[in-house]
Each structure stands twice: as C-alpha cells, then as structure tokens.
Amino acid sequence: MALEINDIYVSTREGKEIVKGVSLKIKEGEFHVIMGPNGSGKTTLAKAIMGYPGLKITSGRIMFNGEDITALTPDKRARLGIFLQFQNPIEIEGVGFVNFLRAAKESVSNSTVDMKQLMAEIKTGVGSLSITNGIVGRSLNHGFSGGEKKKAEILQMSVLKPKIALLDEPDSGLDIDAIKVVAENINEVARKEKTGLLVITHYNRILTYMKPEFVHIMSDGRIIAEGKHELIEKLEKEGYDSFLNSKGKPNTTVVNDGKV
Amino acid sequence: MSIPFDEFAKRIGPGNDESGETEAESLRKELKEKLGILPEITINGSIRISDAAKPFARALDVRELSEEYLSRKMLSSKDSKHVAFVHVHSKEILQIDVPPGGSAELNLLFLNMEPLVTQVLINVGKGAKLNLSEWYGSKSTKRSLVSVIHEATLHEYSNVEMNMVHNTDSRTYAAFTSRVVIGDNAKLEFNSIYDGGALTKVKNDIIAEGYAAKSRITEMVIGSSTQGFDINTVVVNANRDTVSELESKGAMSDGSRCLLKGFADIRENAPGSMSFVHERGILLGKEAHMDSIPGMSIKNSDVKATHSSAVAPVDEDSLFYLMSRGASMAEARMLLVSGFFSGSFAKITNPALKEAVASLMREKIYTGAFGSVPKATMSGIWTDADPDSSIFKGHYKYKDE
C-alpha cells in the first residue's frame, strides 16, 4: 500500500505554478510531516493529491498502489482510501453531520452502513475528542468553532478509516489541550488502521505528541530538505532561513537525519 | 351558497370520458403506490358533472358567485387578464368550506389531460384547521394548459397549511393566481413546490388583514432543461402586529430560467408588524439563469422589515469537500441542493408529501426529469432545520432579539 508522487508540477487555473517538482512516497503506516513557510505550496500539494478541480497537474504523476490516479476525480480517490483533512473545513448548512458521515461511509466502503454501529463510533469519537457541544443534530461544520471543525475532521477520519490521510494543519486554531487530544486521536487511528500519514504543520508542538519518521521542508513549491526528527529541531533553532541562501534560494538539499 | 366539502366530494371525480378516467386513475394509483399519497378528489380538464351533481353545477356557476366575490373583496375579473380568462372559461369551481371549529385534511389531484381551467374557493371558519395538499400532474399528449385561481378566506383564529406541488409534464403551461385573506390571529403556511411544466407563471397576494394575522410563504423552484418560472408574490401587512415571511428559493440547472419577485407591502395601519422577503438561488448549470428581485413598500415606522437576495453558482469548494469524502459529483450536488432546501422542506408537516417532494427533487437533480411520479425516498434528503425558527433570527439586525 503506497502513495507515490512523482515529480509533480501544479498550477492554478490561471496558470500560476505553485508546486514545482515534488516527489514523495508514503507507505502504509508511515508518518511523514511537511513543514514550510507560508505560501510554499504545502496546501496546494495536498489538494492536488486529492484532485482539487481548481488545480492542474502540468507534469508528473500520482500513483496509488501502482495505479496512476492523476486524472481521477476526488470521489474516486476517496474511495481508494485517500482522505484529506481540510485546513478550513467547508460549512454546509442543512446537511446533517451524521447523515453526511453515513453517506460518506457508504461511499468509501461501498456497503450499507449499520446506523447503530455508526452512532456508537460517533459517540466514542465525540468522547475521545472532547467535542463538548456534540455533533448529532448539527449541520456539517455549520456554526462549529475553529476547534470543533478540526476535531470534526479527525472524527470523520476515524470513522472513514482511510489508508492514506493528508492532514492539513490539524493543529491550527487549537488550544494546547486540544492539540494533544487531536494528536492522540490521529495516532490511535493510524495505529489501528495502519494509515499512512502526511501531516502539514507550522509548529513543533503537535509533533511532541506524534513521532514523524520522515520530515520534509518545503519552500517555493519544492522540497528543499528531507530528513528525520532532528530536522525539526534544526528548524526550531535556526528557522527557515538556515535552509535558504542570501538570494532566498534553497541551500544544498539536506538528507540523512538533518545533516548536510 | 357555500357547499360543505364532504357533500361536494361525493359528487365530483374523474370524468365520464373513458380514456380520461383511465389516465386519472392511473396517476392516482401511481401517487398512492409510489408516494403513499391518496388524492381524495381528482379534477381534470375534461371533468363531467354526473346527473346527480347537476344541482351543484348550477349552484357553483361562476356568474352566480360573482356577487359573493365582491362582498368578500375577492378576485374580480378586473384584477388581471388571467382572472378574467379563468372566470370565462372555467367549467367548475371547487369550494372547500371548513365550518367554525372544524378540522379537515384534504389531498387533491389536478390532472390536465385537456386544458384545465378552474377555480378553488376556500373558506375556513373561526378557529378551524385545514391541511390542504394539491398535486398538479399531467398526462398530456399535446401542448396543454393548467390555469387555476385560488381564493381563500381564513377567519379569526383559524390555522391553515396549504401545499401545492407543481409536477406537470413538459408540454404543459401553467398560470396560477392566488389570493388569501387572513383574519384576526389566524395563521397561514403556504408551501409551493415548482418542479414541472414548460412555463409556470404565478401571482400570489397574501394579505394579513386581521389583527396579529400571520403568514409564512415558502416557495421552492427546481428547474431543468428549458423550463421557465415566473413567480410573483406580494405579502401584505394590513393590520397591527401582523407577521409576513416570504422565503423563495430556486435551484436551476441546464438552460432553465427563473424570475423570483417578492414584494412586502406594509401599510400605514400596521404598527408593530414584521415582514421579511428572502430570496436565494443556486445555479447548477452554465446556461441556467435566475433573477431575484425583492421589494418593499413601508408606510409605518414602527415595524421590522428587511429583504435579502442572493444568487450564485454552486460552490466549487463545497463540491470538492463532499467529493473528497466519496460523494460523486451528482451526489455532491444533491447534498448541496437538499441542504439548501432543508429549512423549506421542514415546513411541510405532511410526512408523505414531504417524502414525495424530496423524491421529485432527487429525480430532478439526478436526471433532470419531471412530470412523472418517482418512487418515494428520503435517502440523501434531510430536513434538519428547526421548523419553528423565524427567519428574523438569522438576520444581523435582529440577532439579539
């Protein structure tokens, strides 16, 4: 089970190139993290992997289990087991969260959902994620606080049990306790389902509760450094400037545990 | 002059014409089997009054009723060309009379195998309740017409829910004029679903005439292919402490087009009143078109009144979000449209009708088809919105009240 991104270039509909040749391979149960300054193309990369129609992959391929999925629509990618946690989840008034989740579960599992079991899963998730205002009876993300939206995304992930999860800033907007709760829940799903994780984050805090095996630093649409946890420590101490030369271009690519 | 409904119902039904009766009965059967709705009365364009009903045919003659119209300030031929047309050409009048304190629930099927031109008079007595559902269907083999006038008087403390489902076929042109006068402390829920027909033209006047009279009008338009809808509704606050809420929504696909014109008329003698005109539209196709024109005339300063309007293409990010969870494009559109209409659905209290309307919408969004009777299903349709919530609550001006 693996998601492979082979040297992809991604442009907006207007033709602006955002991702400029990124390659990644995420295997079952692996934990990757992408860090990078604002505007470096992290979210665009995640959306392109999920098949956002407003983006165009101008070169390169996305493979899932050896199959080329570059041209697949988002729903087909979801049915293969790819999940995207949105940085800013969309609010949809009138569509009940539980009914939506049932429809989503039926789509990705291609089977009828046992509502009793689903409700039990939701109840467990709500408790585990400390969602105080509940989810049942509310519209999808409508009127949710920032924290509730993030937690609701992780709840969806735990119910849908994806093979590969792309988590776009699961920690932004969360308080200290909530970051820990969310991290623990992600860990739990990944452990149980052997989900391959690609987490996009700006901050080290969530990573104190999670142990990424692979760290990628992204800048200006490219991965400029790759390594292990030590790379995060270097980043924490020296900032992104340490990976860039005086002209703002990346230094020599860092490999092997963050050592040049 | 007024005919009790029960007595009238025994004497009216499918026409004597053999083919007509077959078509009417087949649609009744479809509605019963697929949607669970059993129309008590079928009215079709070729209706014949049987011998036993002849006295009623005379009693209900439009010319004999015209004096009553005037005394009740109802529609006259001067009101519009459509009204004049119906007065001249209607073959029968259906009069529904709920006595004071009475309660009635009634399902009507209007079938235009031939052009249907008719009038429906509704009189709801003091403290009476009426739940009226009308289904407009057709089995026409050539270009046809449905042309109907509704005239309703709601006396004090009465409570009425009127639901109209327009699901005629693509050969049918429809024209409707309705006028409802609401008395002291009486309440009206008026829900219209426009799904079928080649071209539908509507003019509604809903008048809160009595003290503290309330009206809540909900219009749902679901268009496809080259359908056209011209919906023109005026809500009037004509007495103190009256409330009028008009909510019109449209979801247009293919090359369909819709004009929504809602107008609130708050008169000088209506202090303490509230009025809201709310129009929303989603465009599901590049060729679809919708104009929404809310308007107001306010002649008293001690009122709460506001209007809003928005029409936009279906949100690409919302579609992506839903598709990223496994919904196909059609399913995602369905989810968005059902969410868009969910608050409107919630106002229909008849469960079978709610399910029927949901099925029509599902059929429309998935296939663009209309005019037939789909199998009932609520799958993917939700009515989560609180039916008792006021649309004032959602308006920034009145959020804290």
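Trainee: Why is Asn269(B) called exposed?

Mentor: This is a predicted model, and the label rests on a count of C-beta atoms. Asn269(B) has 12 other C-beta atoms within 10 Å. A residue is exposed if that count is 12 or fewer, so Asn269(B) is exposed.

Trainee: Where in chain B is Asn269(B) found?

Mentor: Asn269(B) sits in the loop between β14 (257-266) and β15 (274-283) of chain B.

Trainee: Which residues is Asn269(B) in contact with, leaving aside its neighbours within four places in sequence?

Mentor: With that exclusion, the contacts are Asn239(B) and Arg240(B). Met290(B), 21 residues from Asn269(B) in sequence, is 35 Å from it in space, C-alpha to C-alpha. The cut-off for a contact is 7 Å between C-beta atoms.

Trainee: What makes α3(A) mostly covered?

Mentor: Ten of the 13 residues of α3(A) are buried. Buried takes 20 or more other C-beta atoms within 10 Å. The buried residues of α3(A) include Phe97(A), Phe100(A), Leu101(A) and Val108(A), and also Arg102(A) and Lys105(A).

Trainee: Which elements do the buried residues of α3(A) pack against?

Mentor: They pack against α2 (74-80), β7 (92-96), α4 (115-128), β8 (139-140) and α5 (146-160) of chain A.

Trainee: How do you know that the reach of α3(A) is close to the expected one?

Mentor: Helix α3 (residues 97-109) of chain A reaches 18 Å from its first C-alpha to its last, and 18 Å is expected at 1.5 Å a residue. Asn110(A), which follows α3(A), has a positive phi, near 55°.

Trainee: How many residues does the contact between the chains take from each?

Mentor: Chain B gives 22 residues and chain A gives 24. On the chain B side, α6 (316-323) and α7 (329-345) each supply at least two residues, and α7(B) gives the most, with seven. By type, the chain B side has nine nonpolar, nine polar and four charged residues.

Notes. Residues numbered from 1 in each chain as written. Chains lettered and ligands numbered in written order. Predicted model: local features only at pLDDT ≥ 70, side-chain atom pairs only at ≥ 80, totals over all residues. Contact = placed C-beta atoms within 7 Å. Helix = DSSP H or I, 4+ residues; strand = E, 2+ residues; numbered from the N terminus. Nonpolar A, V, L, I, M, F, W, Y, C, P; charged D, E, K, R; others polar. Expected span 1.5 Å × (residues − 1).
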